[in-house]
Amino acid sequence: MLVREARTTDDAYRYGGEELAVLARDSDLAAATVLADRLCAAIAEADLTHPAAGGVTASLGVAQLAPGGDPGDVVAAADAALYRAKAGGRNRVEVASARPGLTAVGDVGT
């Protein structure tokens, strides 16, 4: 579903048990957030079930790597935003706060 909803220039990866990541190379923060919103909606609208939880939704974190920034920092920022989305009620998108190395990439968890 992530591959279908993403652009041909984006890459989707499994990043742990229930976590997935989308690398949106040719996107600024606003475009990556639009992509995340589209992914969140597509997952919520899909006829998917989880054995323990019923319907499947997605919580997404979005961050953007600054030129010359450390890729590890952007993954950590996206992950922190993901957990804020989960804590804020799930089935939503949160954008990472800007800090050194970030201009504010996406981490998706169910």
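This section describes the cores, helices and side-chain contacts of a predicted model.

The largest nonpolar core contains 15 residues. Leu-39, Leu-60, Val-62 and Val-93 have the most contacts inside this core. Three elements each supply at least two of its residues: strand β2 (19–24), helix α2 (29–45) and strand β5 (59–62). Helix α2 gives the most, with seven residues. Leaving aside residues up to four places away in sequence, Leu-39 touches Leu-2, Glu-5, Val-22 and Leu-60. A second core is separate and has six residues, including Ala-63, Val-74, Ala-77 and Ala-96. In soluble globular proteins, nonpolar side chains tend to be buried together.

Helix α2 has 17 residues. At 1.5 Å a residue, α2 should span 24 Å, and its end C-alpha atoms are 24 Å apart, so the two values agree. The helix is capped at its N-terminal end by Asp-28. A side-chain oxygen of Asp-28 lies 3.3 Å from the backbone nitrogen of Ala-30. The buried residues of α2 are Leu-29, Ala-32, Thr-33, Leu-35, Ala-36, Leu-39, Cys-40, Ala-42 and Ile-43. These buried residues pack against α1 (2–5), β1 (10–14), β2, β5 and β6 (93–95). Glu-45 also belongs to α2. Its relative accessibility is 67%, and Glu-45 therefore counts as exposed. Glu-45 and Gly-55 are 10 residues apart along the chain, with their C-alpha atoms separated by 9.5 Å.

Helix α3 covers residues 71–87. Its 17 residues should span 24 Å at 1.5 Å a residue, and the end C-alpha atoms are 25 Å apart, which agrees. Asp-70 caps the N-terminal end of α3. Here a side-chain oxygen lies 2.7 Å from the backbone nitrogen of Gly-72. Val-74, Ala-77, Ala-78, Ala-81, Leu-82 and Ala-85 are the buried residues of α3. Viewed down the helix axis, they fall within an arc of 145°, so they line one face of α3. Just after the helix, Gly-89 takes a positive phi of about 125°.

Tyr-83 is placed in α3. Its relative accessible area is 43%, so Tyr-83 is partly exposed. The Tyr-83 side chain makes a polar contact with the side chain of Glu-19, at 3.0 Å. Tyr-83 and Leu-60 are 23 residues apart in sequence, yet their C-alpha atoms are 8.3 Å apart in space. Strand β5 contains Ser-59. At 1% relative accessibility, Ser-59 counts as buried. A polar atom of the Ser-59 side chain lies 3.4 Å from the backbone nitrogen of Asn-91.

The structure holds six salt bridges. One of them joins Asp-10 and Arg-7, with the closest N and O atoms 2.7 Å apart.

Another salt bridge brings together the side chains of Arg-25 and Asp-11, at 2.2 Å from N to O. This pair links distant parts of the chain, 14 residues apart. Arg-25 is in the loop between β2 and α2, and Asp-11 is in strand β1. With a relative accessibility of 28%, Asp-11 counts as partly exposed.

The side chains of Glu-94 and Arg-84 also meet in a salt bridge, with an N-to-O distance of 3.9 Å. Glu-94 lies in strand β6 and Arg-84 in helix α3, so this pair ties together parts that are 10 residues apart in sequence. Glu-94 counts as buried, at 18% relative accessibility. The cut-off for burial is under 20% relative accessible area. Arg-84 is partly exposed, with a relative accessible area of 35%.

Definitions and conventions. Residues numbered from 1 in each chain as written. Predicted model: local features only at pLDDT ≥ 70, side-chain atom pairs only at ≥ 80, totals over all residues. Heavy atoms only, no water. Core = buried A, V, L, I, M, F, W, Y, C linked by side-chain atoms within 4.5 Å. Buried < 20%, exposed > 50% of the residue type's maximum accessible area, 1.4 Å probe, protein only. Helix = DSSP H or I, 4+ residues; strand = E, 2+ residues; numbered from the N terminus. Contact = heavy atoms within 4.5 Å. Polar contact = N/O pair within 3.5 Å; in protein donor to acceptor, adjacent residues only side chain to side chain. Expected span 1.5 Å × (residues − 1). Salt bridge = Lys/Arg side-chain N within 4 Å of Asp/Glu carboxyl O. Arc of directions from axis to C-beta.
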